[in-house]
Amino acid sequence: PLSGRPQPPFFRPPMPAQPPPAGAVIDLFDGQTLANWRMAGRGTFHVIDGALQSLPSFDLGLLWCSIPMPQNYRLELEFFIRSFATNSGVFVRFRHPEFRYDYNPAWSAVSSGFEIQIDNTGAPDGAAKHRTGAVYGVNYPNDPVPAPGMPPATPGDSVNPQNAQVLAWNQYRIEVQGNIITVSLNGVNTAQYTNPDPNRGQFLPNEATFVGLQSYANYGFTTAFRRIRVT
């Protein structure tokens with residue numbers, strides 16, 4: 001935060017008085033409108049042919065769902081990429097995008113939550129933790145190059161990245177249970193990550209946390225998302 005900078009007024013969705021009952025399924029995208037979705041950062045998203053499609057710009061963009069998430073949930077969605085190198089992602093457990101008041105509020109999802117990566121190339125180094133199916137950039141057991149400044153890996157965690165299909169719909173299933181995030185891509189388990197950081201990706205009983213979609217800072221990396229629901 002910038003010291004002394006006044007807090008701007010912005011939309012703050014309240015936490016529900018009671019969480020939804022276990023097993024309830026909530027459709028986050030109606031296939032036709034941007035209802036319950038808001039844009040932060042650069043670029044934009046449009047509803048085209050029943051999907052949310054990104055139009056990236058020169059810096060990061062975040063389309064986030066303003067429905068507060070419960071502590072434990074399963075997020076399911078489908079995504080479509082048009083090139084092998086397309087970079088995008090799905091964010092979970094981040095705070096309101098305006099909470100840091102950075103020059104680009106989309107980056108708050110990176111620092112306060114976790115990204116489920118979409119990038120078959122694993123730029124810039126091809127590491128497993130940077131490829132499709134990984135909880136992005138965290139430390140996993142037996143990582144040959146641990147990420148500096150990140151908490152050490154938790155025994156039992158794993159990463160098994162898989163290539164997303166190009167010019168086809170891919171299915172993500174992301175489970176958030178307590179501090180454990182598990183990911184499957186097209187039916188294959190790709191990651192389990194246990195979050196030990198008390199200041200990142202935590203469920204906050206008095207402050208809403210959200211899910212969102214990334215528009216990467218590359219004009220050619222358009223990505224489409226559909227059938228987005230949480231259980």
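Predicted model: local features only at pLDDT ≥ 70, side-chain atom pairs only at ≥ 80, totals over all residues.
Student: What makes the contact of E76 with R173 a salt bridge?

Tutor: The closest N and O atoms of E76 and R173 are 4.0 Å apart, and a side-chain nitrogen of Arg within 4 Å of a carboxyl oxygen of Glu is what the term requires, so the pair is listed as a salt bridge. The two residues belong to distant parts of the chain, with E76 in strand 6 and R173 in strand 10, 97 residues apart.

Student: Which parts of the chain does the pair of E76 and R229 tie together?

Tutor: E76 also forms a salt bridge with R229, where the closest N and O atoms are 3.6 Å apart. Because E76 lies in strand 6 and R229 in strand 14 (residues 223–230), this pair ties together parts that are 153 residues apart in sequence. R229 itself is partly exposed, with a relative accessible area of 26%.

Student: Which residues are linked in a network of salt bridges?

Tutor: The network links R74, E76, R173, E175 and R229. Within it, the side chains of R74 and E76 meet at 3.6 Å, N to O, and R74 counts as partly exposed because its relative accessibility is 22%. The structure as a whole holds nine salt bridges.

Student: How do you know that strand 6 and strand 10 are paired?

Tutor: Pairing asks for at least two bridges, and eight bridges join strand 6 (residues 73–81) to strand 10 (residues 169–177), the two running antiparallel. Along this pairing, E78 stands opposite Q171. Strand 10 is also joined to strand 11 (residues 180–185) by six bridges, again antiparallel, and there R173 stands opposite S184.

Student: Why is F84 called partly exposed?

Tutor: F84 has 42% relative accessibility, which falls between the 20% and 50% limits, so F84 counts as partly exposed. Together with V166 and L167, F84 makes a nonpolar surface patch of about 270 Å².

Definitions and conventions. Residues numbered from 1 in each chain as written. Heavy atoms only, no water. Helix = DSSP H or I, 4+ residues; strand = E, 2+ residues; numbered from the N terminus. Patch = residues over 30% accessible without salt bridge, like charges linked within 9 Å, V, L, I, M, F, W, Y side chains within 5 Å. Areas by Shrake-Rupley, 256 points an atom, 1.4 Å probe, with all protein chains shown as cover. Buried < 20%, exposed > 50% of the residue type's maximum accessible area, 1.4 Å probe, protein only.
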